Amino acid sequence: MPAQLIDGKAIAQAVRTEVKGKVEEFSGRTGVLPCLATVLVGDDAASAVYVRNKGKACREVGMLSRQMNFPASTSQEELLDIVAGLNADAAVHGILVQLPLPDRIDETRILESIDPAKDVDGFHPVNAGRLLTGQPSFVPCTPLGILRMLDHEGVELKGKHAVVVGRSNIVGKPVALLLLSRHATVTICHSRTRDLPGVVRGADVVVAAVGKAEMVRGSWLAPGSVVIDVGINRLPDGRLVGDVAFGEAMEVAGKVTPVPGGVGPMTIAMLLQNTLEAAARRAAATLP
């Protein structure tokens with residue numbers, strides 16, 4: 001029997017609907033409208049689309065969106081001043097600097113300049129450290145979305161073996177910590193892992209976030225396993241595929257996320273949730 005598809009679009013829409021209701025209640029009670037400021041430097045077409053989509057998503061749930069676009073000639077010092085201004089602006093609750101930045105700008109320095117209380121991307125070292133030590137923090141949106149998907153699907157993580165393929169600061173490491181917080185036994189794999197297929201084959205849950213098209217084959221998977229494919233890769237023929245060989249996985253796994261339409265839609269949905277949470281924390285208010 002083919003695997004069951006995990007419908008990221010439907011789950012993300014449910015999150016957006018939930019956030020919209022909470023925004024209405026929160027704003028009605030406090031008079032505060034959550035506001036996300038996005039900063040785009042340069043004219044990268046894909047980045048411009050992402051920023052527009054984030055602004056549209058904010059407006060759809062009743063949040064304010066402040067989109068700030070700057071030329072590629074913007075200097076690092078100018079960008080630091082821009083972020084400092086947003087940090088000081090009480091009407092802004094979340095700050096997102098769209099990556100990639102021009103090569104001459106130090107991305108790490110820019111991200112570390114964001115107030116951790118407004119770091120709704122969850123990239124600041126303070127938030128990363130809080131996640132590591134189990135304290136309240138802003139969690140990167142894609143890992144947070146993955147956990148929400150697993151919860152929606154009723155996947156029991158306690159005592160299960162979860163294998164994360166990829167060790168990035170944006171997905172691999174934080175999703176491993178989230179899985180660990182749910183009492184899964186977690187293995188993080190990477191390009192130097194010995195017998196990677198064998199390690200993956202021992203997993204109840206697989207999170208593929210390595211950035212290589214169809215790297216994880218069906219023969220690597222245990223029957224009935226849950227497969228979360230974070231990758232999005234464009235092939236020479238124009239097709240978009242994930243890090244998992246989808247057709248092969250469907251013949252072996254129990255549940256699989258498609259690409260596109262799986263993890264991707266969850267990222268913006270969780271960004272909205274983080275922005276609302278940032279506004280609530282600043283107002284010292286609880287959410288319904």
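The legends below describe close-up views of a predicted model.

Local features require pLDDT of at least 70 and side-chain atom pairs pLDDT 80 or more, whereas totals for chains, interfaces and linings use all residues. Residues are numbered from 1 along each chain as its sequence is written, and side-chain values use heavy atoms, without hydrogens and water.

**View 1. The open sheet, with strand order β3-β2-β4.** Its three strands are paired in the parallel sense; strands are DSSP runs of E with at least two residues, numbered from the N terminus, and pairing requires at least two DSSP bridges between two strands. Because β3 and β4 (94-97) are edge strands with a single partner each, one side of each has no neighbour in the sheet. From one strand to the next, the twist averages 15 degrees, with axes fitted to C-alpha atoms and angles running from 0 to 180 degrees between N-to-C directions.

**View 2. The pairing of β2 with β3.** Seven bridges join β2 (residues 35-41) to β3 (residues 64-70) in parallel. Leu36 has Ser65 of β3 as its bridge partner, and Val39 lies opposite Met68 in β3.

**View 3. Helix α2 against the sheet.** Helix α2 (a DSSP run of H or I with at least four residues) touches β2, β3 and β4, contact meaning heavy atoms within 4.5 Å. The direction of α2 makes about 160 degrees with that of β3.

**View 4. The two assigned domains.** An automatic or database domain assignment gives domain 1 (32-115) and domain 2 (141-264) in the protein chain. Their C-alpha centres are 29 Å apart.
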